[in-house]
Amino acid sequence: MTESPNGQPQVPGQGAPGGHNGSAPGGAPPGGETAGARPGTVPDGAAPDGAAPNGARTGGAPRGASVTVRGTHYKWLALSNTTLGMLAATVNASIVIISLPAIFRGIKLNPLTPGNVSYLLWMLMGYLVVSAVLVVTLGRLGDIYGRVRMYNAGFTIFALGALALPFDPLTGPPGALWLIGFRVIQAVGGAMLMANAPAILTDAFPSNQRGTAMGINQVAGISGMFIGLILGGVLAAVDWRLVFLVSVPIGIGGAVWSYLSLREVGVRTPAKIDWVGNITFAIGLIALLAGITYGLLPYGGHSMGWTSPLVLSGILGGLAMLVVFCIVELRVAAPMFDLHLMRIRAFAAGISATLLASIARGGLQFMLIIWLQGIWLPLHGYDFKDTPLWAGIFLLPLTGGFVVSGPVSGWLSDKHGARWFASGGLLVSALAFAGLLFIPTDFSYPEFAVLIFVAGAGMGLFSAPNAAGIMNSVPAKQRGAASGMLATFQNSGFVLSIGIFFTLMIAGLAATLPSTLTHGLAAQGVPHAIAFKIGSLPPVGSLFAAFLGYNPVAQLLGPTGILTHLPASHVALLTGKVFFPQLISGPFHHGLNIVFVMAICLLIIASGVSLLRGGRYVHEEQVPAEQPEGAGQTALERSARA
């Protein structure tokens, strides 16, 4: 085996007569030539005469279907359908974030009461945790039973979960458990959509158009996060049940459309389900992510719960179980996820950069929301209860940057490869975050808008080429598992990010907020003992209050009864729009600087990792389709030694 100029393994015989760049010899049937394919070649990922690469079979398609299916009409149908699926899944992930105050009022539950904070956390994080755990398994099941079949089932399950949520008949903790339970069901459907959508696109599009397709799909996914913020704010102002009801027509319509329009055209690889791998992966990742989630809660007099035996056992036990998972996957005949894929440099570098970028981006989104809701918007005259909606609106430039750059970078990466666009995009985002370090907490909005637009544009430059590069690098029969792993790294990175950035922020606040809050309250007539007690409370309560659109001072002083004994002018000042933002702005800016520096470091490291992927690499151009079954696996195993 030799090595191509980008350092990827090159199989002998590539470029031989009759097969350009590793494609199979022979031409497509008359009239069946694929868009983007050259005369006399078989489209990427398809084998001659309807056979599937590496000895696998297509999903019940008629002979020759894999050659003819990539017509102009079908690939755009697949793109529009999977884009709707990604939009539905990501809108649903964020629409609840902005609507939580209205939802908890609707079920008559105060989420900031110490005993109820766990309901808040699982409403906030449960969807992400469940989808992160399941996407690899569901992607692998797509490889075995058919990606379109799993995708269709995902839309159906998503719609059923959405149908039950608005009709919650309970209140209090049982009402919260009803919502959390059906959100978990929705997350299963959403995971089916996210796990199989990139694989369906990779099957439908030739390699020289996948970056464009991934760009549009990724833009829909990221845009959905911010559309959900705005839509949730608008609907929650009318009725909290509408927040869940809006997903019903999308789920039902998407399910019907996908059943009617999509068909199995990719490679299916019949295999036994790797039960041991699935179970160890699920237990390990659930324990790890749940441990991180509960680490945000105070424990034993500490501002956070990282010393809690439950948290430590979850994190350490989860990591140990994931090590067991890796050992299992190296030993079973048909693994849930083939770890030999990590020997493909383009895949390993792309998936690692995905995790680092997701950690840098995810929690930062929450920090920007808290910055706007807790400080900037109240200082500019917005009521606390209205800040969730307006925070979503004022963050639109972040989405705009992604929407502008995502499709363009995807299209360019089809021609020039993912390496420089992905790595450059991460550096652009790092520069934007560096710019945010130098603006005050009460900033001028135009400069803030420009900086977050640049940050979004950098993420758009990275996401589409990176996703296309990852999916191009794997064998056709493992695209579902690779797609699931991509989604797992994105979702897990988001949960890890929230844990990391909230910890850094709370650590920064804990250093300065207690004394600042104590002196500020005492100056307005609050007895020193009460002021000291409130100042000593864990900062996480104030952060969550600001995040949910509550007035933090009113939440802190209300239970003490002191507000009824203070002069009206002092009460108006303490519970007004200015007192808390001005009080917290100094400590918050200190914590924010720590967070931004951490994000910048992660983005720079991710950029360096992304550079390691090499030049443009498409697996089916490197491993000829006519190789016998097992040759692709042999090539993977030999690539580490090449």
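## A buried serine

Ser423 is buried, with a relative accessible area of 2%; buried means under 20% relative accessible area, computed with a 1.4 Å probe on protein chains only. The model is predicted, so local features need pLDDT of at least 70 and side-chain atom pairs count only at pLDDT 80 or more, while totals for chains, interfaces and linings use all residues. Residues are numbered from 1 along each chain as its sequence is written, and side-chain values use heavy atoms, with hydrogens and water left out.

Ser423 lies in helix 14, residues 419-436 (helices are DSSP runs of H or I with at least four residues, strands are runs of E with at least two, and both are numbered from the N terminus). Its side chain reaches the backbone nitrogen of Leu611 at 3.2 Å. Apart from neighbours within four places in sequence, Ser423 is in contact with Ser607, Ser610 and Leu611 (contact means heavy atoms within 4.5 Å).

## Helix 3 and helix 9

Helix 3 (residues 117-145) packs against helix 9 (residues 275-294) at an angle of about 155°, and their axes are 10 Å apart. The two helices are therefore roughly antiparallel, a term for angles over 145 degrees.

Residues that meet here include Trp122 and Met125 in helix 3, and Phe281 and Leu285 in helix 9. By class, the contact has 14 nonpolar, four polar and no charged residues. Ala, Val, Leu, Ile, Met, Phe, Trp, Tyr, Cys and Pro count as nonpolar, Asp, Glu, Lys and Arg as charged, and the others, Gly among them, as polar.

## The whole protein

The protein has 23 helices and four strands. Of its 642 residues, 61% count as buried.

Conventions
Buried means under 20% relative accessible area, exposed over 50%, partly exposed in between (1.4 Å probe, protein chains only). A polar contact is a pair of N or O atoms within 3.5 Å; within protein, one must be able to donate a hydrogen and the other to accept it, and residues adjacent in sequence count only if both atoms are side-chain atoms. Axes are lines fitted to C-alpha atoms, for helices over the stretch in contact, and angles run from 0 to 180 degrees between N-to-C directions. Angles under 35 degrees count as roughly parallel, over 145 as roughly antiparallel, 65 to 115 as roughly perpendicular and the rest as oblique.
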